[in-house]
Amino acid sequence: MNRLLVILALLPAATVFAENAAPTNAEAQAAIGKLRDTSKPRDESGWKAAIAEAARCRHASVVFELSAFLKSDSEAQRVSAAEALGTMQGLAEPAKALVAAIAPNVARVATLEALLKALGALGDPAAVPTLKADALAWLCEAGADRGRALNAAAEALGGIRCKGSVEALIELKAKCSGGPGQPTAVRNATATRIHASLTKLTGVTVLPKGDLAKWWAGLAPKFNEDLTPVPGGGPMKGMKK
């Protein structure tokens with residue numbers, strides 16, 4: 001009887017382990033096959049569900065298959081694929097696929113916003129250099145769509161917990177003060193989102209009005225690379241309690 005109780009007690013843990021185990025190649029191929037079969041119907045709800053379900057199999061082959069939808073003629077399919085890839089944390093391939101899709105979709109604002117939001121959801125630091133470079137470039141370009149992209153990039157950086165994100169946001173904030181391209185109203189809106197992202201990453205609610213780079217140089221040693229506090233690093237002024 002005691003042995004039976006022990007076995008029953010271990011069943012939930014075993015189930016969790018099985019659910020979290022990396023999918024096999026066979027499981028990935030099965031997911032891909034199902035995606036190909038069920039994404040053909042013309043009804044939007046059908047292929048949306050198929051794309052979302054495929055993303056539950058976190059395997060590089062599935063990422064590759066989903067990436068093809070980022071090249072679809074349908075913006076709705078591109079957006080759905082980006083959203084699905086944004087749920088596949090723990091793999092390097094999703095961020096690579098999303099980053100690679102930015103340039104081809106830069107004129108498709110809904111797709112671009114979905115790509116950036118997905119990168120923020122993934123939280124992969126590998127995306128930071130591209131987000132930073134693109135946001136700085138968009139700031140110097142005209143067009144309302146660029147303003148939307150800037151806001152999405154600032155929010156995405158706020159979802160990626162690493163020192164590089166903080167540094168990218170600070171550099172972008174400095175460029176928001178003025179220059180060619182986006183008007184003052186757009187720059188101010190982006191600066192507001194940058195402030196929110198910096199607070200989200202560092203926990204500091206009251207940011208200095210002066211040199212943020214100097215402020216961060218003094219604060220950075222109190223954080224690990226993933227922005228967890230260094231033990232014994234001391235209190236941080238303005239941090240949320």
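User: Hello! In which segment is the place of Leu227?

Analyst: Welcome! This is a predicted model, in which local features need pLDDT of at least 70 and side-chain atom pairs count only at pLDDT 80 or more, while totals for chains, interfaces and linings use all residues. Residues are numbered from 1 along each chain as its sequence is written, and side-chain values use heavy atoms, leaving out hydrogens and water. Helices here are DSSP runs (H or I, at least four residues; strands are E, at least two), numbered from the N terminus, and Leu227 sits in the segment after α12 (212-219).

User: What is the phi of Leu227?

Analyst: Most residues other than glycine have a negative phi. Leu227 is buried, with a relative accessibility of 2%, where buried means under 20% relative accessible area, exposed over 50% and partly exposed in between (1.4 Å probe, protein chains only). Although Leu227 is not a glycine, its phi is positive, at about 70°.

User: Is Lys222, in the segment after α12, buried or partly exposed?

Analyst: Lys222 belongs to the segment after α12, and its C-alpha lies 8.3 Å from that of Gly232, which is 10 residues away in sequence. With a relative accessibility of 23%, Lys222 counts as partly exposed.

User: How many helices does the protein chain have?

Analyst: Read along the sequence, the chain follows the pattern α-α-α-α-α-α-α-α-α-α-α-α. Of its 241 residues, 41% count as buried. The chain has 0 strands, and its helices come to 12.

User: Why is helix α5 described as largely enclosed by the rest of the structure, and how many of its residues are buried?

Analyst: The buried residues of α5 include Arg78, Val79 and Leu85. They pack against α3 (44-54), α4 (60-67), α6 (93-100) and α7 (109-122), with contact meaning heavy atoms within 4.5 Å. Helix α5 (residues 75-85) is largely enclosed because the number of its 11 residues that are buried is 8.

User: Which residue's side chain makes a polar contact with that of Glu65?

Analyst: Glu65 is part of helix α4 and is buried, with a relative accessible area of 15%. Setting aside neighbours within four places in sequence, Glu65 touches Ile32, Leu35 and Arg36. The polar contact, at 2.8 Å, joins the side chain of Glu65 to that of Arg36.

User: Which residues touch the most other members of the largest nonpolar core?

Analyst: A nonpolar core is a set of buried Ala, Val, Leu, Ile, Met, Phe, Trp, Tyr and Cys residues joined through side-chain atoms within 4.5 Å. Leu66 touches residues including Ile51, Ala81, Leu85 and Met88, not counting those up to four places away in sequence. Of the 69 residues in this core, those touching the most other members are Val62, Leu66 and Trp216.

User: What is the angle between the planes of Trp215 and Trp216?

Analyst: Rings of Phe, Tyr and Trp (its six-membered ring) pair if their centres lie within 6.5 Å, and planes under 30 degrees apart count as stacked, over 60 as edge-to-face and the rest as tilted. The whole structure holds 2 aromatic pairs. One of them is tilted, joining Trp215 and Trp216 at 6.2 Å centre to centre, with a plane angle of 45°.

User: How many disulfides does the count come to?

Analyst: Cys162 is buried at 5% relative accessibility, and Cys176 is buried at 6%. A disulfide is taken as a pair of cysteine sulfur atoms within 2.5 Å, and the count of disulfides comes to 0.

Terms used:
A polar contact is a pair of N or O atoms within 3.5 Å; within protein, one must be able to donate a hydrogen and the other to accept it, and residues adjacent in sequence count only if both atoms are side-chain atoms.
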